[in-house]
Amino acid sequence: MAIREIRVKGDDVLTKVCKEVTKMTPRTEELIEDMIETMYEANGVGLAAPQVGVLKRIVVIDVGEGPIVMINPVILETSGSQTGDEGCLSVPGKAGQVTRPNYVRASFLNEDMDECIIEGEELLARAICHEVEHLDGHLYTEKVEGALHDVTYDED
């Protein structure tokens, strides 16, 4: 496993639509392991493949209950709304107010390429929406209400 470089706003790869994953390969398995390690190293809640320069429809998320790997995720249903501060590893040191659904139901393939359904509320719903948008070339900054503000992180 390896820590990969996180691409930042301004990098063209972050504006491209990702390709579906049609089969699990050793290279894809390695990418997923690297993405999880990179997300943890950066203290992130989620990471999408384009953020490490790979145009595949893969995201990893961990809201504190262990990593979730979503291949070819599709949001099926949303409801409610929540507004809160949101940040992104590709927009370091900044955050902004974003309104997202409070509930999300999504389908995806797991690492065995089996179809799964996930339901999430609050932070998990926010993370799923945020990461899926990366796969279509969008950053949360397109949805920010008002201005971005600086954030500081406490070092462990």
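I began with Asp112, which is exposed at a relative accessible area of 61%, where buried means under 20% relative accessible area, exposed over 50% and partly exposed in between (1.4 Å probe, protein chains only). The model is a predicted one, in which local features need pLDDT of at least 70 and side-chain atom pairs count only at pLDDT 80 or more, while totals for chains, interfaces and linings use all residues. Residues are numbered from 1 along each chain as its sequence is written, and side-chain values use heavy atoms, with hydrogens and water left out.

I placed Asp112 in the loop between strand 6 (103-109) and strand 7 (115-121); helices (H or I, at least four residues) and strands (E, at least two) are DSSP runs numbered from the N terminus.

**Salt bridges.** I searched the whole structure and found 9 salt bridges, each defined as a side-chain nitrogen of Lys or Arg within 4 Å of a carboxyl oxygen of Asp or Glu. One of them joins the side chains of Glu77 and Arg105 at 4.0 Å, N to O. This pair links distant parts of the chain, with Glu77 in strand 3 (residues 68-79) and Arg105 in strand 6, 28 residues apart. Glu77 is partly exposed at 37%, and Arg105 also counts as partly exposed, at 28%.

I then looked at Glu86 and Arg100, whose closest N and O atoms are 2.7 Å apart in a salt bridge. Glu86 lies in strand 4 (residues 82-87) and Arg100 in strand 5 (residues 94-100), 14 residues apart. Glu86 is buried at 4% relative accessible area, and Arg100 is buried at 3%.

Glu133 forms a salt bridge with Lys143 at 3.5 Å between the closest N and O atoms. Glu133 counts as buried at 18%, whereas Lys143 is partly exposed at 39%. I noted that Glu86, Arg100, Arg126, Glu133 and Lys143 are linked in a network of salt bridges.

**Helix 2.** I checked how far helix 2 (residues 123-135) is enclosed: 12 of its 13 residues are buried, so the rest of the structure largely encloses helix 2. Among the buried residues are Arg126 and Glu133. Just after helix 2, Gly137 takes a positive phi of about 85°.
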